[in-house]
Amino acid sequence: MFSGCCLGMIRKIRGLIDSFIDTGSAKSRCPLHPHPMMGFRVLCLVLASLCSHAYAQSLAARTCNEAKTCRECIILDPSCGWCTQRNFTDIQRCDTLPNLRMQGCSEVTTPESSSTVQEERPLSDAGTTDAVQIKPQRIRLQLRPGNPTTFRFAVRQAEDYPVDLYYVMDVSKSMEDDLQSLKSLGVELAEEMQNITENFHLGFGSFVDKVVMPYVSTVPEKLDSPCADCQPPYGFRNELPLTADTSQFNTVVNNLNISGNLDAPEGGMDALMQVTVCKDTIGWRDSARHLVILTTDSSFHFAMDGKLGGIVKPNDGQCYTMAPDQTYTMSKMLDYPSISQLNAAMKQNRVIPIFAVTEAQFGLYQALTHFIEGAQAAVLEADSSNIVEIVKSQYKAITSKVEVVDTAPENITVDYTAICKDGVPQPDTQVCEGLQLGDTVHFDVTVTASSCRDAPTSFTIRPIGFSEELIVDVDYLCSCDCEGSGVPNSTDCSGGSGTLECGACICNPGHYGRKCQCSSEDTNLKELEDQCKAGNSSIICSGRGSCVCGDCVCFVRPKPEEVVKGTYCECDNFSCDRHGGKLCGNNGNCVCDEASRKSKCQCDDGWSGPSCACSNETKTCMASNGEICNGYGDCVCESCVCHANSTYSGTKCEICTGCIRKCEANEECVECELAFRTGLTEEHCDRCPYEVSFVPEERDLPDPPSGTEHCIFHDDNGCSFTFTYEMENGTITMLYILEEKNCPEPREGINPLVVIIPIVVGILLIGLVLLILWRVLIYLWDQKEYNQFEMDKANAKWETGENPIYKPSTTVHKNPMYGK
């Protein structure tokens, strides 16, 4: 409609915003001091948004017209609708809803995306039954491409929720002092975790590295004892599966000896992979929070490092840690896992790693947390003396935050709006922080499908680290309910020449046209062309379309937002009246008037006129007496048009030519009241019908209410009378008169000669003084000139040289050849 001008408006608005931002002072840019033009900026952004929306609507209309069936229509764009009305006359059944309504279609198919909750158990804490920490648990979505649907997802971290903590430790020689500390801190660690939750399982594992060169010395003596009092090296060993008997942890740790290897990086990634995927071996419970804490003072090997030891087979992410010795059996055959491989395994098994490493390695492992979902890192003291505090603080950090993720396929977009403890919606946010156990947060989840798929699909939404997940089943709305229920050989299709489906005819072979009224064997084209001419016009389809089987198919405009339509292509959405260069003044729609067969503006509520430029507001036409145009005119386009037969004029029809002002009309009444008090008879005041109130001083006069004025007039003696009046319903009800009239004081007579003689004498004296001054100046000037003449005469000197113009009477000529 008005999208063409909006494109330029958007660019100008953006330029204005940028210039205001650039020229703003430092103070105005400070978050504590909003920009002085912030209101204008917001207004510009709103206008730009509205224009962009209008452009999108126009473009959608152009897109909708490309569909030929109901299925194609609803897939093309979410704003498209298909008219299923049987007697619909417009050839374009697929269009935007406003356009279809304007064209008279009352039956429109336009499926909307929706959601249906299928399973919703209430949130609960852990107890005799498993805790419920998310709600709902299953939901089914009906998605139309491009049309989003939103539902609310609740998350609550249950109190006393089961926790499985698996401690995996680097037992290379450099960690000897850490192992000694852990032996003394094992009991305290178990006690602290039991304070957090009663349902707590603790396990323990250790790792060194792959037992191949160059990671470990393969000299037979070193394989048996790589260092003094050291056990043989190994890849990973499950020392203690997860158990509720935490006293076993101390027993295992106390019986553990240190080992050794050659290179600095260790096999921590191998250990983490086995801890993650060996669910039964480790003892992970389904309804528990899975935590694994890795302690080391070295970096780690990862994928492709195994080639140094001749190991080329990639890690397959399977479990190879099992009885009888609970040792990783494929350590020498499989390469180290990649970081992404480990992340995928931990996401699948809902394991959250905590890296407790020395300060020298903290930067490396902190960077690693960005690539593994939910991972945490902390600085470990040189002797691991702070391991208990690390476990407590990291567990608190994990439980104080809820972050949701999903496994949506590529053709589905999921957007989140977090509603955290403060209750304020935070768009495009998947995280709530600062929580405590028992707090409930919500996420408004908006799901949009970009395309259709042949079969239903599903995906999950879950909080990181939770064992529960929301299952989202998706059905695609890519067909119309009316499809498949067509009427073959319907009489609505030219006596059985096609199938009536979704209000439109699908023609049988050999027939075509909107109603299948044309046959490939028809030869009478003249009659068909006549059906494409409006009234007595001789122009086919108004010159803006082509005739196809008696129906006009309007031409496509170069600009996508411009659309030609109508039975004879007589209308469009761009040639209506404009105001200020804007179609319908931006206050209406350009529609087709069936009576005149022309495009005209259909104004929005509150606007009128051919270009919708006239506002129906009357505030600007309100006269001072509260009446519109003073009762003597009409309010047209927020301006008064005074009646032609009225004597009133002016912007609000308040100026009356030839009318007696109320001040003038009441002069006699006021003068009579004051004069009567000074001796006139009472009969002279009978003409004053109003109630009168006298005030002693002018400042006591009341301020004139709206529509009145202060009045002052003078009598024949030069005295002034001051009064005002009070009106009710246009009629004077009260006069307020100043008690005393203001008369000038009488003046004594002045002799004219006393004034004239001094003036004449003064003029003569001034003239005489000026004449004397002029004569003195002339004398001084002449004296100066004479003195200069005498000086020049005394200094004169006469030259005795020849007269420069004198010529002698004889001339001398010499013969140039003489003497040669």
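Predicted model: local features only at pLDDT ≥ 70, side-chain atom pairs only at ≥ 80, totals over all residues.
User: Hi! Which residues touch the most other members in the largest nonpolar core?

Analyst: Those are Leu 165, Tyr 167, Met 169, Phe 204, Phe 249, Ile 293 and Ile 387, in a core of 40 residues.

User: And which elements each supply at least two residues of this core?

Analyst: The strands are β8 (163-170), β9 (200-207), β11 (289-296) and β14 (351-357), and the helices are α6 (176-196), α8 (247-254) and α13 (387-399). Apart from this core lies another one of 32 residues, including Cys 278, Val 292, Tyr 328 and Leu 342.

User: Back to Tyr 167, what is it in contact with, leaving aside neighbours within four places in sequence?

Analyst: Tyr 167 contacts Leu 182, Leu 189, Gly 203, Phe 204, Gly 205, Phe 249, Ile 293, Thr 295 and Ile 387.

User: New topic: is Thr 369 buried or exposed?

Analyst: Thr 369 counts as buried because its relative accessibility is 12%, under the 20% cut-off. Thr 369 sits in the loop between α12 (359-368) and β15 (376-379). Not counting residues up to four places away in sequence, Thr 369 touches Phe 355, Ala 375, Gln 376 and Ala 377.

User: What gives the most to the lining of the largest cavity?

Analyst: That is α11, with 3 residues. The elements giving two or more are α11 (339-349) and β14. By class, the lining has 4 nonpolar, 2 polar and 4 charged residues, with Lys 347, Arg 350, Glu 373 and Arg 462 among the lining residues.

Key
Residues numbered from 1 in each chain as written. Heavy atoms only, no water. Core = buried A, V, L, I, M, F, W, Y, C linked by side-chain atoms within 4.5 Å. Buried < 20%, exposed > 50% of the residue type's maximum accessible area, 1.4 Å probe, protein only. Helix = DSSP H or I, 4+ residues; strand = E, 2+ residues; numbered from the N terminus. Contact = heavy atoms within 4.5 Å. 1 Å grid on protein atoms, 1.4 Å probe; cavity = no way out; pocket = protein on both sides within 12 Å on 5 of 7 lines; lining within 4 Å. Nonpolar A, V, L, I, M, F, W, Y, C, P; charged D, E, K, R; others polar.
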